[in-house]
Amino acid sequence: MYSPIPVLNELKDLYDSTRDYLADGFELYDYDDKSRFPQELDDPAFLSRLLPFAQANGSGSTYAIWRADDATDLASAPIVVFGDEGGEHVVARDFTDFLRLLGFDAEITVDHDSAYYYRAEDDGHSGSHELFAEWLRGRGLTPSEDPDAVVAAAQEAHGDRFRAWITPFYERIGWA
C-alpha cells in the first residue's frame with residue numbers, strides 16, 4: 001500500500017499505469033518522504049504534521065498534506081505547497097479539491113506571496129489528461145475551471161492558521 005489514503009492509493013495506481021503526465025508538472029514520489037524538505041527544517045514537531053507526496057512543478061516545488069489537527073481522515077486534511085525557491089501556501093481544503101486542481105492541468109507557480117495555476121488558452125493538455133479527467137468523473141468530480149477560486153477557498157479556510165503554525169519554525173531557523 002502506498003499511503004493510508006484510499007483515493008491517493010487509487011491515484012498512485014493510475015499514475016503508475018501511464019508513462020505520461022496526468023497533470024502538468026505533477027509527479028508522485030515516495031509517500032511521506034521527509035527528505036523533500038530542506039535540512040534546516042528537521043524539527044520533529046514540524047515534520048510530524050507534514051506528509052509530502054508529490055512534486056508540484058518542473059522546478060521542484062513539493063505538495064504535502066498538512067495534518068492541521070489530530071483527525072485520522074487524512075483525505076480531509078488541507079494540501080499545502082512548498083515552493084522550490086521559497087513560499088508556502090495552502091492550496092486545497094482537502095484531497096477532493098486537490099484532485100480538481102490537478103484536473104486543471106497546469107503547473108503551479110509558487111512565490112513568497114502567492115501560489116497560482118495558469119494555463120494559456122492555446123496550451124495543450126498533458127498526455128494523460130483525458131485519462132485523468134475520466135478517472136475524476138468516475139469519482140463524481142470534475143476538473144476545476146477556476147483554480148484561483150479553489151486556492152482562495154483553501155486560503156480562507158486554513159491560510160491564517162497555517163501561517164500561524166509555520167511561522168515559529170521559520171523564526172527558529174532565521175527564515176521569518
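How many bridges pair strand S3 with strand S4, and in which sense? Strand S3 (residues 62-66) and strand S4 (residues 79-82) are joined by four bridges in the antiparallel sense. Strands here are DSSP runs of type E with at least two residues, helices are runs of H or I with at least four residues, and both are numbered from the N terminus. Two strands pair if DSSP finds at least two bridges between them.

The model is predicted, so local features need pLDDT of at least 70 and side-chain atom pairs count only at pLDDT 80 or more, while totals for chains, interfaces and linings use all residues. Residues are numbered from 1 along each chain as its sequence is written, and side-chain values use heavy atoms, with hydrogens and water left out.

The S3-S4 pair belongs to an open sheet of five strands. The order is S1-S2-S3-S4-S5, with antiparallel pairing. Strand S1 (27-28) and strand S5 (88-92) form the edges, and each pairs on one side only.

Strand S3 also pairs with strand S2 (residues 50-55), in the antiparallel sense, over five bridges. Thr-62 has Phe-82 in S4 as its bridge partner. The hairpin of S2 and S3 has six residues between the strands. Gly-60 takes a positive phi near 105° in this hairpin.

Is strand S3 enclosed or open? Five of the five residues of S3 are buried, so the strand is largely enclosed by the rest of the structure. Buried means under 20% relative accessible area, exposed means over 50%, and partly exposed lies in between (1.4 Å probe, protein chains only). In a regular strand the side chains alternate between the two faces of the sheet. Both faces of S3 are covered. Thr-62, Ala-64 and Trp-66 are buried on one side, and Tyr-63 and Ile-65 are buried on the other.

Strand S4 continues the sheet to S5. Four bridges join these two strands, which run antiparallel. Val-80 has Val-90 in S5 as its bridge partner. Val-90 counts as buried, at 0% relative accessibility. The hairpin of S4 and S5 has five residues between the strands. Gly-86 takes a positive phi near 110° there.

Most residues other than glycine have a negative phi. Asp-32 has a positive phi of about 60°. Asp-32 lies in the loop between S1 and helix H2 (44-47) and is partly exposed, at 28% relative accessible area. Asp-105 has a positive phi of about 65°. Asp-105 sits in the loop between helix H3 (95-104) and strand S6 (108-110) and is buried, at 2%.

The surface carries a negative patch. Asp-24, Glu-107, Glu-121, Asp-122 and Asp-123 form this patch. Patch residues have over 30% relative accessible area and no salt bridge, and like charges are joined within 9 Å. A salt bridge is a side-chain nitrogen of Lys or Arg within 4 Å of a carboxyl oxygen of Asp or Glu. Asp and Glu count as negative, with the charge placed at CG of Asp or CD of Glu. Areas come from the Shrake-Rupley method with a 1.4 Å probe. Asp-122 lies in the loop between strand S7 (115-117) and helix H4 (129-137). Asp-122 is exposed, with a relative accessible area of 70%.

Methods:
Patch = residues over 30% accessible without salt bridge, like charges linked within 9 Å, V, L, I, M, F, W, Y side chains within 5 Å.
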